[in-house]
Amino acid sequence: MNVFTKRETLKAIEAYLMDMDGVLVHEEQLVPGADQFVTRLQETGHPFLVLTNNSIYTPRDLAARLSLTGLQIPEEAIWTSALATAHFLDQQRPGGTAHVIGEAGLTTALHECGYVLSERSPDYVVLGETRSYSQESITRAIRLIEGGARFIATNPDPTGPSPAGPQPATGAVAALISKATGVDPYFVGKPNPLMMREALRSIGAHSETTVMIGDRMDTDIVSGIEAGMETILVLSGITTREQAGRFPYLPSRIVDSVADLVPTIAARRGQNGWSPSRRRSAEPRPPAGLHGT
């Protein structure tokens, strides 16, 4: 059900970017109709990419976890804040060193772009998501930053979802480190337009004919707006209709879930279906693969 439109109709959409948590899955359960939505995109040949600020898992891990919910999304169609961070650092200081607070998704991405993980005068302290932030690791990060390391964080999300409810996430821990050091991090993930531009480039899409679908106004929707895209807020995640109205910016549409979008997806002319290999042949993907609360 379409509950709000900023304009009468959206522009013709050729490509789709979408968040994962709250859009396709919610607390590791399939959002009803999300499998039909993804299948329809694949059948009609629309390029799409799943973007997530979750830096814990590798794209292969995420593809496997999504498969357990009934969503068949190849790892090449998932792009995470960890990959975006690794790509950014590789562009800034190729072959650099970093002290990392995070898990396999982040450390693997950094290793694959040629970074060395080190606690001895690293170029960067890189903060990502982890299941448990220790006092020891946070203290070490503070001391390294005070010693001259540059401060990078994968995303600004203050909390993340869990079956038991919200839990502290990268943004909250980054605030703690900033308070102790007086140094603010550079956040690479959503809503940084950098992540959106890399996503558009990787699938050969243009902002004017691409839509960003998300459940958070402060990351998904604002990042889409700032990148010049149409935006769709889904109510299957954390944001309610009333909360959306309190922001100074508005999405192009608000719908209950991606299931409402299935009838609007028409076949692309001259396309018989989507395949990761066709997208990869059009343009090299960032280091660590094209992968993507």
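**Figure 1. Salt bridges in the predicted model.** The model is predicted, and the structure holds nine salt bridges. One network of salt bridges links Asp19, Lys190 and Asp220. Side chains of opposite charge can pair when their charged atoms come close.

**Figure 2. Close-up of the salt bridge between Glu28 and Arg65.** The closest N and O atoms of this pair are 2.3 Å apart. Glu28 sits in the loop between β3 (25-26) and β4 (29-30), and Arg65 belongs to helix α2 (residues 59-69), so the pair ties together parts 37 residues apart in sequence. Glu28 has 54% relative accessibility, so this residue counts as exposed. Arg65 has a relative accessible area of 30% and is partly exposed.

**Figure 3. Close-up of the salt bridge between Glu103 and Arg131.** Here the closest N and O atoms are 1.9 Å apart. The pair links distant parts of the chain, 28 residues apart. Glu103 lies in the loop between β7 and α4 (104-112), and Arg131 in the loop between β9 and α5 (135-146). Glu103 is buried because its relative accessible area, 17%, falls under the 20% cut-off. Arg131 is exposed, at 54%.

**Figure 4. Close-up of the salt bridge between Arg140 and Glu119.** The closest N and O atoms are 3.4 Å apart. Arg140 is in helix α5, and Glu119 is in the loop between β8 and β9. These distant parts of the chain are 21 residues apart. Arg140 is partly exposed, with a relative accessible area of 24%. Glu119 is also partly exposed, with a value of 47%.

**Figure 5. The open sheet of five strands.** The strand order is β8-β7-β9-β10-β13, and the pairing is parallel. β8 (116-117) and β13 (186-187) are the edge strands, each pairing on one side only. Strand β7 (residues 97-101) pairs with β8 in the parallel sense over two bridges. Ala98 has Leu117, in β8, as its bridge partner. Helix α3 packs on the sheet and touches β9 (124-127), β10 (150-153) and β13. The direction of α3 makes about 165° with that of β9.

**Figure 6. Helix α3 (residues 81-92).** At 1.5 Å a residue, the 12 residues of α3 should span 16 Å. The end C-alpha atoms are 16 Å apart, which agrees. The helix is mostly covered, with nine of its 12 residues buried. These buried residues are Ser81, Ala82, Leu83, Ala84, Thr85, Ala86, His87, Phe88 and Leu89.

Methods: Residues numbered from 1 in each chain as written. Predicted model: local features only at pLDDT ≥ 70, side-chain atom pairs only at ≥ 80, totals over all residues. Heavy atoms only, no water. Helix = DSSP H or I, 4+ residues; strand = E, 2+ residues; numbered from the N terminus. Expected span 1.5 Å × (residues − 1). Buried < 20%, exposed > 50% of the residue type's maximum accessible area, 1.4 Å probe, protein only. Pairing = 2+ DSSP bridges. Contact = heavy atoms within 4.5 Å. Axes fitted to C-alpha atoms, helices over the stretch in contact; angles between N-to-C directions. Salt bridge = Lys/Arg side-chain N within 4 Å of Asp/Glu carboxyl O.
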